[in-house]
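Subject: Structure handover

Hello,

Please find the structure below, followed by notes on what was found in it.

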Amino acid sequence: MNSTADVWAKVLSLMETDMAATTIHTWFDDVTAVSLDEDRFVICSPSDFKRDIIKSRYIPAVQKALRELFSADFEVVVLGRGELAAYQKPAQDSFLPGTEEYTFERFVVGSSNKFAHAAALAVAEAPGKSYNPLFIYGESGLGKTHLLYAIAHTIHQNHPEYRVVYIKGDAFTNELIQAIREGRNQEFREKYRAADVFLMDDVQFIAGRESSQEEMFHTFNTLYEAGRQIVFTADRPPKEMLRLDDRLRTRFEWGLPVDIQPPDYETRMAIIKNKAIRRGMDLPEPVLQYIAENITSNVRQIEGTVNRLLAFQNIMGESVNVDTVTRAVRDMFKNKAEFLPSPDVIIEEIGKFYGIDSAALRGQARTKNTALARQIAMYEIRRMTNLSLDDIGREFENRDHSTVLHSIKRVEKLIRDDPELAEIIKDINANINSRYE
């Protein structure tokens, strides 16, 4: 499906409401769509004379139609006969490969994310001048990473000489461990402390990691004192990161903490419409409403729904209606039993968090650390799956249901009495859930 051509066809159709058919026929009949990316729509006319007329008279009409389609403003570029080949020359390697679509122009703004979007845009346009650090927090799938990528792309576009470094919190920890093992500590430090812009996604994963927090403390100080821009994202505000060093928590709050909330109905409708049209789909209003009413808290799931519909339509050749939507995405609508995490995934993630092999967690090892991790695994499996106590026991070398029940009750008590353990389990849950996004 040629989505750019489809968009151009829709633009022409919308323009017909304000312009005479003869005008459109005269100036646009042989115009073709070249590309649609970020905030720019490029078209080409084989006649330089027509190109000049379109540029001087009709660009506002094209922009109006695009705004109606996408609820966003676009720059319209009109190429002439001799300009197309030069425009289509292969571009340089992309910055942050695979993230090209995550720009400010493609971020749908609503009441739930307006402040975060405005703060991120201000940072991107004047890095290091204000809101330093910027700390964006909110639940998974609401657009935090999108804003982080958008900041990176904008700064890279405006300041190609800047060194922009992006890293996830858990990757920072793993990279540090590897650097220590290989004696590359100085190389590791230079990589991050020489950055002009430092972006860390999911910073909550360094909390409780002594070496990572120590490294982050010195990295932060070096960058901040040099006036370099720092941006973090997390699933909670700094004050709720109970395992985070106080000195880091204080620094994270020096700048501007902003939150992103789940999108309201109108924003969900705009997101669905925007993503569908960019993929060349024209979803009927009842379908838009059905998706917006059923997926209420996660932008990433909305995007997944549109992708599933596109695949369903391409593979099955069926028109998209409410029945199609229901069949194509039924596992995303309120029936959690169909996409519960497996015991294997839960055990693997808990083992990874504690640095314990899955086989040891399932086995008979009785060290204090392993025993607690095993009890947490039983607790999490009970909480996140439909398995019975006996079923859970079979996952751990046939332990009986009384042992499982004892483990669950112990962890429940520890969570009530130990805020730090409660935070650990929250981090483990985030890791498990991220496997199913």
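Q261 sits in the loop that links β8 and α11 (265-278); helices (H or I, at least four residues) and strands (E, at least two) are DSSP runs, numbered from the N terminus. Q261 counts as partly exposed because its relative accessibility is 43%, where buried means under 20% relative accessible area, exposed over 50%, and partly exposed in between (1.4 Å probe, protein chains only). Apart from neighbours within four places in sequence, Q261 is in contact with S112 and L142, a contact being heavy atoms within 4.5 Å. From the C-alpha atom of Q261 to that of N314, 53 residues apart along the chain, the separation is 33 Å.

Some ground rules. This is a predicted model, in which local features need pLDDT of at least 70 and side-chain atom pairs count only at pLDDT 80 or more, while totals for chains, interfaces and linings use all residues. Residues are numbered from 1 along each chain as its sequence is written, and side-chain values use heavy atoms, with hydrogens and water left out.

The chain as a whole

The protein chain holds 20 helices and eight strands. Along the principal axes, its C-alpha atoms fill a box of roughly 85 × 55 × 35 Å. Of the 437 residues in the protein chain, 47% are buried. The accessible surface is about 21,300 Å², and carbon and sulfur atoms account for 48% of that; accessible areas come from the Shrake-Rupley method with a 1.4 Å probe, and for residues only the protein chains shown count as cover.

On charge, the protein chain has 55 positive and 66 negative side chains. Lys and Arg count as positive and Asp and Glu as negative, with His and the chain ends not counted. The centres of the two sets lie 3 Å apart, the place of a charge being taken as NZ of Lys, CZ of Arg, CG of Asp or CD of Glu.

The five-stranded sheet

Five strands form an open sheet in the order β5-β6-β7-β4-β8, and the pairing is parallel; two strands pair if DSSP finds at least two bridges between them. β5 (164-168) and β8 (256-259) are the edge strands, each pairing on one side only. On average, neighbouring strands in this sheet are turned by 15° against each other, direction ignored. For this and the other angles below, axes are lines fitted to C-alpha atoms, for helices over the stretch in contact, and angles run from 0 to 180 degrees between N-to-C directions.

Strand β4 (residues 134-137) is joined to β8 in the parallel sense by four bridges, with L134 opposite L256 in β8. β4 also pairs with β7 in the parallel sense, over four bridges, and there Y137 has A234 of β7 as its bridge partner. Four bridges likewise connect β6 and β7, again in parallel, and M200 stands opposite F232 in β7.

How is β7 covered? Six of its six residues are buried. Q229, V231 and T233 point one way from the strand and I230, F232 and A234 the other way.

Helix α6 (residues 144-158) touches β4, β5, β6 (197-201) and β7 (229-234), and its direction makes about 165° with that of β6. Helix α9 (residues 210-225) lies across β6 and β7, at about 140° to β7.

The three-stranded sheet

The other open sheet has three strands in the order β1-β2-β3, with mixed pairing. Its edge strands, β1 (32-37) and β3 (75-79), each pair on one side only. Neighbouring strands here are turned by 20° against each other on average, direction ignored. β1 and strand β2 (residues 40-44) run antiparallel and are joined by five bridges, one of which makes I43 in β2 the partner of A33. Helix α3 (residues 48-70) lies across β1, β2 and β3 and runs at about 140° to β3.

A residue in α20

D427 belongs to helix α20 (residues 419-434). Why does D427 count as buried? Its relative accessibility is 1%. Not counting residues up to four places away in sequence, D427 touches Q204, F205, R236, R243 and F353.

Regards
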